[in-house]
Amino acid sequence: MAQKKSHNDQSEDNHTNESRRNFLKQSSLLTALAVTPPALMKAAEAGLDEKAAGFFEKKPLAIEVNGISHNLSIEPRTTLLDLMREQLALTGTKKGCDHGQCGACTVHIDGNRVLSCLTLAVTVEGKKVTTIEGLADGDKLHPLQEAFIKHDGFQCGYCTPGQIMSGIACIREGHANSDDEIREYMSGNICRCGAYPNIVKAIADVKKGGQKL
Amino acid sequence: MINFDYVRVSTTKGAVDAIVKDATAQWLAGGTNLVDLMKKGVTTPQKLVDINNLPLKDIKKEGNKLVMGALALNSAVADNELVRKEQPLLSLALQAGASAQLRNMATVGGNMMQRTRCPYFYNTDMPCNKREPGTGCGALKGYNRMHAIFGASDKCIAVHPSDMCIALVALDATVLVSGPKSDRRIPFQNFHRLPGDLPQKDNTLERGELIVAVEIPDNKLNKNVHYLKIRDRTSYAFALVSVAAAADLEGNTIKDVRLAMGGVAHKPWRLMEAENFLKGKGASEANFRQAAVLAMKDAKGFGQNNFKLKLAPNTIVEALKTATGKS
């Protein structure tokens, strides 16, 4: 973290900024060491610089999100959810539980609904990701987005992107043939506000409409 | 999550070699359990070997067996026409598990390898002999509502959480494994272990052995089937008790029957004694009740899960009634 230094700083301010900077450097180093695997420590001690560099090595990733190709360099531990929200500024997909239990992070990979919080981004190499931001065609909303508005399918809206992504896939999969089936096949998306009845209505409406999604 | 190295392999041999030469490495398939465990710090591999490119995704007939590649997705198997026609019990069990999103990510092999969801196993602050041998079993005298009533030891009372495995053990499946020394075939019944004194070992695989496929032999058990999963919610929750039931009926006589239970043991629990009692008998509630009593021999509760001693036999009876059209 760099501190901006004015050229007019007195030497005392410079000294404070320097010790702050040193403190940050030291504590970052200590933190980095704390989360470093023991094998890496050994490699560093043995002066095996190449092996040491390999552990923090970022991996290349070529991925298409909402029709736009990206060439990135990321740590393997980056989830697709964090990649989208933090590096691609696509914050429509939400982090609800981060453990695969709520469905708020649901996106499509090659058209299939999956949980982005449990997907390591490096495994999405060469695949096509669709998020809630990728549904509308300019100002023209996706049929299911329209249906959610028409049927009042959301209150706080936090689960809604996941519900819509999941709902589209549910219809495409052929699992929206009755209200009971919709409830069962949408059970991976939790709504704390309890908008479930209207979510079911929205999905049933679009399914009845018969449009190809 | 700790940082780790990541490589991709494209052959079974490559996958096996990568694990054998690095003791800190683990295979990554769907990741729905592994990534979760890594986020919680329960498991901390220093390298992940991504096996998703291995050509192990097919579902097909080979002679008189239905063969599923270890990387076939749970959703693909559940929706597969061959599976629905010839082994519908498997499709029903899969549909009862997890959520649609998870089924689109999880693989056949991964479903078998998944770890228990015991809260003491999952919490690195808690004693757990499975996660850290020698630290004790927190569930034994703790919160054990979801835990085992069969086959437990004082080292571990955890259950295997899978639904798919209950159907596979009922259908006499075989697991095909490829290892550093050789390939081998493991009867499904022998794949998972009881905890005994080594709760840290969930199954009988040696390090470096990779599941490549699961086979189900042809049978006449596709007409009268049911998978009954009893849980705290209508959907998307692990089983308190689940029963896979399949019968081959001639009129009202049970010619062949398979029964297995989930949510009750460290491994999928096949009910051989109950099956042997029912063979040749009429499909009636009275007979189902007697079979259930036999199945519950040796059952033992640990306090908060004593209700399973009543719930389990009732679930067996209801599953059989539905499977045979008597409900």
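In this predicted model, a salt bridge joins B:Arg8 to A:Glu125. The closest N and O atoms of that pair are 4.0 Å apart. Three salt bridges are found across the interface of chain A and chain B. The interface also holds 16 residue pairs in polar contact, with both partners at pLDDT 80 or more.

The largest share comes from E4(A), which gives four residues. By type, this side of chain A divides into 15 nonpolar, 15 polar and eight charged residues.

Counted by residues, 38 of chain A are in contact with 30 of chain B. Counted by area, about 2,800 Å² is buried between the two chains. Carbon and sulfur atoms give 54% of that area. In chain A, the residues that lose the most area to chain B are A:Arg77, A:His99 and A:Leu118. Together these three account for 22% of what the chain A side buries.

Chain A itself has eight helices and five strands. Along the sequence they follow the pattern α-α-α-β-β-α-β-β-β-α-α-α-α. Chain A has 213 residues, and 42% of them count as buried. Among contacts in chain A with a separation of 6 or more, 52% are between residues 24 or more positions apart.

Helix H5 of chain A (residues 143-150) has a buried side and an exposed one. Its buried residues are A:Leu144, A:Gln145, A:Ala147 and A:Phe148. These residues lie on the same side of H5(A), because they cover an arc of only 160 degrees around the axis. The face turned away from the buried side carries the exposed residues A:Ile149 and A:Lys150. Helix H6 (160-172) and helix H8 (196-209) of chain A are among the parts that cover the buried residues of H5(A). Just after H5(A), A:Asp152 takes a positive phi of about 55 degrees.

Over all chains, the count of salt bridges comes to 34. Side chains of opposite charge can pair when their charged atoms come close. In chain A, the side chains of A:Lys95 and A:Asp98 form one such bridge, at 3.7 Å from N to O. A:Lys95 is partly exposed, with a relative accessible area of 31%.

The side chains of B:Lys47 and B:Asp22 meet in a salt bridge, at 3.5 Å from N to O. B:Lys47 lies in strand E3 (residues 47-50) of chain B, whereas B:Asp22 lies in the loop between helix H1 (12-20) and strand E2 (25-28) of chain B. The pair therefore ties together parts that are 25 residues apart in sequence. Both B:Lys47 and B:Asp22 are buried.

Another salt bridge links B:Lys255 with B:Glu250, the closest N and O atoms being 3.8 Å apart. B:Lys255 counts as partly exposed, at 46% relative accessibility. B:Glu250 counts as exposed, at 52%. Salt bridges also link B:Asp172, B:Asp256, B:Arg258, B:Arg270 and B:Glu275 in a network.

Terms used. Residues are numbered from 1 along each chain as its sequence is written. Chains are lettered from A and ligands numbered from 1 in the order in which they are written. This is a predicted model: local features need pLDDT of at least 70, side-chain atom pairs count only at pLDDT 80 or more; totals for chains, interfaces and linings use all residues. Side-chain values use heavy atoms; hydrogens and water are left out. Contact means heavy atoms within 4.5 Å. Buried area is the accessible area (1.4 Å probe) that two parts lose on being put together, summed over both. A polar contact is a pair of N or O atoms within 3.5 Å; within protein, one must be able to donate a hydrogen and the other to accept it, and residues adjacent in sequence count only if both atoms are side-chain atoms. Helices (H or I, at least four residues) and strands (E, at least two) are DSSP runs, numbered from the N terminus. Ala, Val, Leu, Ile, Met, Phe, Trp, Tyr, Cys and Pro count as nonpolar, Asp, Glu, Lys and Arg as charged, and the others, Gly among them, as polar. Buried means under 20% relative accessible area, exposed over 50%, partly exposed in between (1.4 Å probe, protein chains only). The arc is that of the directions from the helix axis to the C-beta atoms.
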